[in-house]
Amino acid sequence: MIESKYLPQKVYVEKQSFDFPLTKRILESLSQIPIVAIENPRDLIENIRTSRNVRERGKTYLLLTRQKGEFVKPCPCTPYYIGCNYFIINLDLNCPLDCTYCILQQYLSNPLITVHVNLDDLWRQLDVFLHRNRAGILRIGTGELGDSLALDHLTENSKGLISYFREKRNALLELKTKTVNIKNILKIEPARNIVIAWSLNSRRIVREEEGGAPLVEERIDAARRVSEKGFRVGFHFDPIIRYPGWEDEYGEVIKRLFNAIDPGQMAWISLGSLRFPPSLKTIIKERFPSTKIIFDELIKGKDGKLRYFKPLRLELYKKIIDLIKNWGGEKIPLYFCMESKEIWRRALGWVPKGQESLQAYLSSPLGPLKK
Amino acid sequence: MKKEKLSIDDITLKDERFRISYYFPLDELILSIKKIGLINPPLVAFRDKHIILVSGWKRVLACAELAITHIPVFVIEEEDELEIFIKAFYENLTTREFSLLEKAEILNRLKRFGEDEQNIVRHYMPLLNIPRNLPYLDSLMAISQLEPEAKRFIQENSMPFLPASLLAEFNPEERRLLFPLLSPLSQNKKKEILENLQDISRRIGTPAEKILSAQEILKIQNSEKLSSLQKAEKVRFLLKRKRYPAFSSWEESFESLLKKMRWPKEITIRPTPYFEDEEFSVTFTFENKEKFSANLLKLQELASREEFSKIFNLVK
């Protein structure tokens with residue numbers, strides 16, 4: 001297995017961030033890399049934003065700074081479609097991988113790979129947040145504005161997060177990745193409220209659209225090792241992308257997945273089809289001139305994002321759900337990311353009644369978490 | 001800057017290095033100069049032993065039209081071309097709105113005269129109400145480098161940034177085929193044609209020129225019965241069908257069901273956009289109780305037809 005280990009060409013450190021233990025740990029492991037102290041990250045970000053190859057350049061620099069706002073936020077989801085009541089921890093921003101369809105290209109104004117180093121503030125904010133929301137079970141993850149494990153060889157944040165959350169009875173932590181950066185995970189004792197999740201795609205999509213990401217076979221193998229260690233694992237077929245032969249190729253991945261991993265260890269599988277705001281299309285066209293995925297039959301959904309025409313989405317979902325069920329995934333909770341109630345009803349046969357019911361559904365295989 | 005009076009014939013209009021305005025109507029300016037004379041003197045500079053115009057093309061051409069032989073000018077003594085151009089830029093900035101083509105020409109000149117790219121993005125683009133990022137600069141540079149025919153088309157059709165930048169992505173031959181199709185259409189429809197054509201071309205890997213030269217499009221183009229607007233609409237429809245085959249077939253099935261039912265024109269029935277939800281809306285207007293009741297009766301009658309149920313099957 002080839003581990004994708006990100007190494008920046010330069011590290012920028014906000015002057016006031018030097019004394020944090022996480023900064024020291026990262027700088028120690030990057031002793032050969034030039035380090036530049038900066039007063040204000042804003043000037044640096046502005047300078048890179050107005051230069052050529054913004055995204056490419058941004059990925060070569062690591063910025064160590066403080067999270068000055070809230071670490072924990074509700075997942076932005078999308079209006080008019082069913083949300084899954086997920087919360088995100090904004091610990092790392094951006095991702096060293098370079099997927100054509102990545103929303104971060106448009107969503108984040110800061111193009112640098114950024115690590116927030118003020119972890120004490122994170123733990124303090126999490127204590128308050130979990131206490132305030134103690135009535136229900138919260139699903140929370142770090143993989144929305146970055147990849148949860150892509151920088152883990154530098155930050156070792158997985159260790160801290162898992163240690164923190166294993167004691168919490170009303171929260172499920174999901175670490176979502178496309179990488180095979182699992183060295184730290186394999187050293188940690190599992191806990192039943194921790195889910196390590198992988199985004200999966202067909203071989204062709206991985207090869208053509210997920211630049212720098214490990215092969216899907218490698219991801220499944222990493223998931224196998226993590227599940228054998230005793231962790232629950234989750235999978236995200238997102239974005240599912242249409243192309244001639246998609247059905248067979250997604251089928252192969254699903255077959256491989258269920259051959260490798262005990263369905264009993266799978267916490268959930270989510271499905272989402274290709275979708276993006278129209279402004280991302282311009283960026284994708286410019287950055288990835290050979291990709292064709294943006295020229296398929298994508299219409300403007302209720303939220304203004306481009307997505308496949310509904311019958312095409314339905315066809316994708318129905319076939320993938322059938323494949324999952326046929327390969328032994330009948331009991332695994334399946335859910336959609338940013339889909340309409342019509343799609344839920346027609347593809348899964350039910351519609352969640354509010355976000356709490358979806359919450360309960362997704363935490364059900366983990367058993368009651370509250371003591 | 002020195003103010004002088006010069007003969008128009010002494011100004012070398014062939015030298016267009018500072019020119020940013022093209023394809024403009026002069027009628028109003030001619031009327032104004034006729035009434036009150038030339039109030040605001042153009043800017044000129046000495047270059048290679050010639051007097052060249054820096055700013056004020058419309059004013060000078062209007063004066064020439066009026067056979068005015070001598071005009072007041074400000075002579076810029078600056079040597080550096082970038083500095084000269086910046087003076088002209090600021091002279092114009094406060095007095096008028098720039099068209100898209102003029103903005104493109106301004107950015108082109110700034111770059112040509114050696115202004116730093118990042119400075120253009122950070123400083124000049126916001127002054128021109130353009131988002132400060134390089135892709136915008138690249139698109140506008142592409143517009144500034146188009147052939148005169150395309151520039152004239154953009155200017156005369158007041159094309160906004162998006163469709164104009166799309167137009168710039170086609171080659172000159174493709175643009176030549178596109179002009180008559182785009183001309184009669186609204187800005188939104190122009191953009192739709194350009195987007196769909198480009199998407200189809202990239203999806204199937206066929207040059208746009210070949211798509212536009214397909215038999216079905218040529219047949220429409222060569223028709224003697226159709227007006228230019230009808231031709232453009234037919235081609236737009238055809239491209240939409242190619243770009244969105246599944247959606248178009250749903251739309252056509254829906255329309256055909258309505259046609260079979262002889263759905264009355266005064267009552268509108270609509271699915272949600274792109275059939276995204278499984279709901280429909282019906283609207284009609286009425287001016288009295290009788291008209292209202294008549295429409296309800298008509299709707300009841302339509303609801304009892306077999307075809308009406310088919311509408312719901314369509315979206316399931």
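What follows describes a predicted model, beginning with the two chains and ending with individual positions.

Chain A holds 15 helices and 18 strands, whereas chain B holds 16 helices and 7 strands. For chain B the corresponding expectation, for 316 residues, is near 20 Å, but the chain has 28 Å.

**Overall form of the chains**

- Along the principal axes, the C-alpha atoms of chain A occupy a box of roughly 55 × 55 × 40 Å, while those of chain B occupy one of roughly 85 × 50 × 45 Å.
- Of the 371 residues in chain A, 44% are buried; in chain B, buried residues account for 24% of 316.
- If contacts with a sequence separation of 6 or more are considered, 79% of those in chain A are between residues 24 or more positions apart, and in chain B 68% of such contacts join residues at least 24 apart.

**Domains of chain B**

- The assignment for chain B divides the chain into domain 1 (1-95), domain 2 (97-145), domain 3 (158-243) and domain 4 (246-315).
- Between domain 1 of chain B and domain 2 of chain B, the C-alpha centres are 22 Å apart, and 9 residues of domain 1 are in contact with 10 residues of domain 2.
- On the side of domain 1 of chain B that touches domain 2 of chain B, the residues comprise 7 nonpolar, 1 polar and 1 charged.

**Where the chains meet**

- Contact between the chains involves 17 residues of chain A and 19 residues of chain B.
- Two elements of chain A, β16 (298-300) and α13 (310-326), each give two or more residues to the side that touches chain B, and the largest share, 3 residues, comes from α13(A).
- The side of chain A that touches chain B is made up of 5 nonpolar, 4 polar and 8 charged residues.

**Helix α10 of chain A**

- Helix α10 (residues 216-229) of chain A has 14 residues, which at 1.5 Å a residue should span 20 Å, and the distance of 20 Å between its end C-alpha atoms agrees with this.
- Its buried residues are A:Val216, A:Arg219, A:Ile220, A:Ala222, A:Ala223 and A:Val226; because the buried residues fall within an arc of 160° when seen down the axis of α10(A), they line one face of the helix.
- Those buried residues of α10(A) pack against α8 (183-187), β11 (194-200), α9 (203-209), β13 (232-240) and α11 (246-260) of chain A.
- Just after α10(A) comes A:Gly230, which takes a positive phi of about 115°.

**Helix α7 of chain B**

- In helix α7 (residues 148-156) of chain B, the buried residues are B:Ala150, B:Lys151, B:Phe153 and B:Ile154; they cover an arc of only 160° around the axis, which puts them on the same side of α7(B).
- The exposed residues B:Pro148 and B:Glu149 are carried on the face of α7(B) that is turned away from its buried side.
- The covering of the buried residues of α7(B) includes α4 (100-112), α6 (134-144), α8 (161-168) and α9 (172-182) of chain B.
- After α7(B) comes B:Ser158, with a positive phi near 45°.

**Two single positions**

- A:Ser363 lies in helix α15 (residues 354-363) of chain A, and this residue is buried because 22 other C-beta atoms lie within 10 Å, where the threshold for burial is 20 or more.
- In sequence A:Ser363 and A:Trp268 are 95 residues apart, yet their C-alpha atoms are 8.7 Å apart in space.
- B:Pro245 lies in helix α14 (residues 245-260) of chain B, and this residue is exposed because 12 other C-beta atoms lie within 10 Å, where the threshold for exposure is 12 or fewer.
- B:Pro245 and B:Leu128, which are 117 residues apart in sequence, are 40 Å apart in space from C-alpha to C-alpha.

Key. Residues numbered from 1 in each chain as written. Chains lettered and ligands numbered in written order. Predicted model: local features only at pLDDT ≥ 70, side-chain atom pairs only at ≥ 80, totals over all residues. Helix = DSSP H or I, 4+ residues; strand = E, 2+ residues; numbered from the N terminus. Contact = placed C-beta atoms within 7 Å. Domains from an automatic or database assignment. Nonpolar A, V, L, I, M, F, W, Y, C, P; charged D, E, K, R; others polar. Expected span 1.5 Å × (residues − 1). Arc of directions from axis to C-beta. Rg over C-alpha atoms; globule rule 2.2 N^0.38 Å.
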